[in-house]
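Subject: Structure for your review

Hello,

Here is the structure you were waiting for. Please look it over; my notes follow below it.

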Amino acid sequence: MPSHMIRAFVLLLALEAGTLSAMPRPNLVVFLADDLGYGDLSCFGSERVKTPRLDQLAAEGARCTSFYGPASVCSPTRVGMLSGRSPFRLGIYTYIPQGSAMHLQRSERTLPALLREAGYETCFVGKWAANGSLTDKRQPQPDDHGFDYWFAAQNNAIPDQINPTCFVRNGVPVPQTNGYSATLIVDEALQWLERRKDKAK
């Protein structure tokens, strides 16, 4: 996977947590990768890039063939996907750099918040990019937007993709983590899923 995709990897997980309905409801996994085009995956016709795991997910799950990102850069895309609204209506026109006062407003209704209200447990891992700081309580954090559990970098891995020092877990900065940022993100998501595997059935 090219490094620009690794930097931008996001994973949103939602597992059915309760028995609010007699009908079983699906578990949800959403992947977002910056700069990944529609035709870049082999399940969508790419002959140059092999993506067997994503192809399997596409074959066994839902494949969206008319899904469009709300913007061409990271922060507007993320806030648009979280809120279902145009990022321009939210006042977010470009990426949000570290330390910026720009952020997704606390009052915005988001998909993970709605899922949580409907009885799902929600998790976010990856690049957040919806505020300027993951440790400034004056700005809404992922849990303020509906995530029960989160492990995130404000933007890209810092100081580098290997052994980053930028991750925050549920509001607490994580010391330097050993390994590549993409692997750390996937491992975090898998550990969260493993702790809830009985509920995911």
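Asp34 lies in the loop between strand 2 (28-32) and helix 2 (52-60); helices (H or I, at least four residues) and strands (E, at least two) are DSSP runs, numbered from the N terminus. With a relative accessible area of 13%, Asp34 counts as buried (buried is under 20% relative accessible area, exposed over 50%, partly exposed in between, with a 1.4 Å probe and protein chains only). Its side chain makes a polar contact with the side chain of Arg78 at 2.9 Å, and another with the side chain of Lys127 at 3.1 Å. A polar contact is a pair of N or O atoms within 3.5 Å; within protein, one must be able to donate a hydrogen and the other to accept it, and residues adjacent in sequence count only if both atoms are side-chain atoms.

This is a predicted model, in which local features need pLDDT of at least 70 and side-chain atom pairs count only at pLDDT 80 or more, while totals for chains, interfaces and linings use all residues. Residues are numbered from 1 along each chain as its sequence is written, and side-chain values use heavy atoms, with hydrogens and water left out.

On the cores: the largest nonpolar core has 14 residues, and those touching the most other members are Val79, Leu104, Phe124, Trp128, Leu134, Trp150 and Ala152. Helix 3 (74-83) and strand 4 each supply at least two residues of this core. A second, separate core has 12 residues, including Tyr149, Phe151, Ala157 and Trp192. Such a core is a set of buried Ala, Val, Leu, Ile, Met, Phe, Trp, Tyr and Cys residues joined through side-chain atoms within 4.5 Å.

Trp192 is also one of the buried residues of helix 5, among them Ser181, Leu184 and Glu188.

Some backbone points remain. Ala129, in the loop between strand 3 (120-127) and strand 4, has a positive phi near 60 degrees although it is not glycine. Ala129 is buried, at 0% relative accessible area. Asn170, in the loop between strand 5 and strand 6 (172-173), also has a positive phi, near 50 degrees, but is partly exposed at 34%. A cis peptide bond, with omega about 0 degrees, joins Ile158 and Pro159; Pro159 is in the loop between strand 4 (149-153) and strand 5 (168-169).

Regards
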